[in-house]
Amino acid sequence: MTGRFPSQCRKIRPSFGRRLRNIEMSKFRHRSLHLLGVLLTGLLFTLLAACSKANPQSTFDTLGPVSRNQATILYVIAGVGTFVFILVFGILAYTVIRYRRRSPDDPDPPQIHGNDKLEVAWTIAPAIVLIAVAVPTLQGIFYAANPPTEARLTVEATGHQWWFEFKYPELGVVTANEMHIPEDEAVIVELRSVDVNHSFWVPKLAGKVDMIPNNENRLWLQADESGMYYGQCAEFCGESHAKMRFRVVVEPRAEFDAWVARQQAAAAVPGDPLAKEGHDLFMSNQARCFACHTIAGTQKARGTVGPNLTHFASRQHLAAGNLENTQENLRMWLEDPDAVKPGNLMSRDAAVYNGQGEPLTEPQISALVAFLRSLE
Ligand SMILES: [Cu+2]
């Protein structure tokens with residue numbers, strides 16, 4: 001360093017340095033060790049909190065045969081791993097303490113090279129450990145990949161940036177972001193993508209499986225209990241990946257059948273005048289909503305870029321599981337979709353949102369809200 005007053009610097013620096021070393025450093029070191037301890041404990045609790053079964057995306061709260069099987073594999077591997085860890089580090093700690101150098105005059109220990117018995121032992125022992133881990137893992141892979149023969153229902157799940165489409169080919173039902181399945185029945189899910197890689201994950205029901213363009217993957221799942229299960233895209237897929245969620249609604253067979261019957265019906269033409277106004281705007285060349293969304297039963301709305309809206313009002317969430325499907329949230333979505341989901345393809349490509357067309361006015365949004373909420 002080239003200071004301006006080298007003589008002064010030289011006088012000041014050693015004393016400053018010494019003071020720091022002698023007094024401040026020990027205090028500083030003590031304090032930073034303390035801080036590190038607090039941080040590590042905090043981190044440990046934060047990490048362990050993720051294991052809480054209360055978490056809606058807990059993989060430990062297994063509520064179906066597939067996730068149960070996968071959790072069992074985790075426990076087996078963690079158990080074997082813990083046993084090996086304790087054994088190896090126990091022997092290491094014992095050796096280090098028992099055979100440590102006690103005085104500077106101690107001679108070096110005898111230097112040995114090669115021991116056939118030991119080498120055979122530490123080759124065979126890990127092989128046994130690996131087999132103990134491989135057997136349940138391979139069984140688990142086959143179990144998850146082969147749906148039971150009594151599985152009756154197939155759902156085609158398609159990943160889109162950034163939402164999920166669910167088709168029931170045998171039932172003629174198409175919906176988005178909320179997959180309904182009957183309780184206690186095995187369901188086959190065929191996984192696809194229209195754009196980039198996504199991953200289908202319902203932590204309480206089954207492990208992740210990728211959704212890959214031009215390649216169909218499969219999984220099966222079954223839920224023990226009725227209820228709402230959280231799902232999430234688990235493969236980074238762009239700007240709003242973290243907001244690409246969905247729900248699995250599990251219900252008793254009779255309720256599921258009733259849901260299917262409602263979904264199979266075409267949308268009724270709205271009777272309410274405000275909703276009718278919204279319908280006309282939806283089909284108009286100003287808003288062009290029809291270009292991207294399907295509403296079954298209408299001539300015009302057959303778009304497939306966005307979610308099918310035929311029974312939009314029957315869904316409990318909107319914008320891929322991010323908002324509850326209430327009047328206020330729907331209004332918020334239509335006013336500025338980008339504020340809800342940055343980068344979403346509706347605000348990027350629809351002229352009313354991207355500044356290339358006439359923006360929607362407040363009364364127009366009210367009419368659209370009335371129309372969409374009539375789509376039971
Ligand atoms: Cu994704």
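**Note on helix packing**

1. In this predicted model, helix 6 passes helix 10 in a right-handed crossing. Helix 6 covers residues 327–335 and helix 10 covers residues 362–373. Their axes lie 10 Å apart, and the packing angle is about 125°. Angles of 65 to 115 degrees count as roughly perpendicular and those over 145 as roughly antiparallel; helix 6 and helix 10 are therefore oblique to each other.

2. On the helix 6 side, the residues that meet helix 10 are Gln327, Leu330, Arg331, Leu334 and Glu335. Their counterparts in helix 10 are Ile365, Leu368, Val369, Leu372 and Arg373. Sorted by class, this contact of helix 6 with helix 10 holds six nonpolar, three charged and one polar residues.

3. Helix 10 also packs with helix 5, residues 273–282; the two axes cross at roughly 100° and come within 7 Å. That angle makes helix 5 roughly perpendicular to helix 10. Helix 5 contributes Leu274, Ala275, Glu277, Gly278, His279, Leu281 and Phe282 to the contact, and helix 10 contributes Gln364, Ser366, Ala367, Leu368, Ala370 and Phe371. By class, the contact of helix 5 with helix 10 has eight nonpolar, four polar and one charged residues.

4. Leu368 of helix 10 deserves a separate mention: it is listed in the contact with helix 6 and also in the contact with helix 5.

5. Helix 3 runs over residues 116–145, which is 30 residues. From its first C-alpha to its last it reaches 43 Å, close to the 44 Å expected at 1.5 Å a residue. Helix 3 is hardly covered, with a count of one buried residue among its 30.

Conventions
Residues are numbered from 1 along each chain as its sequence is written. This is a predicted model: local features need pLDDT of at least 70, side-chain atom pairs count only at pLDDT 80 or more; totals for chains, interfaces and linings use all residues. Helices (H or I, at least four residues) and strands (E, at least two) are DSSP runs, numbered from the N terminus. The expected span of a helix is 1.5 Å times one less than its number of residues. A residue is buried if 20 or more other C-beta atoms lie within 10 Å of its own, exposed if 12 or fewer, and partly exposed in between; C-beta atoms are placed from the backbone. Axes are lines fitted to C-alpha atoms, for helices over the stretch in contact, and angles run from 0 to 180 degrees between N-to-C directions. Angles under 35 degrees count as roughly parallel, over 145 as roughly antiparallel, 65 to 115 as roughly perpendicular and the rest as oblique. A crossing is left-handed if the near helix is turned anticlockwise from the far one by less than a right angle, and right-handed if clockwise. Two residues are in contact if their C-beta atoms, placed from the backbone, lie within 7 Å. Ala, Val, Leu, Ile, Met, Phe, Trp, Tyr, Cys and Pro count as nonpolar, Asp, Glu, Lys and Arg as charged, and the others, Gly among them, as polar.
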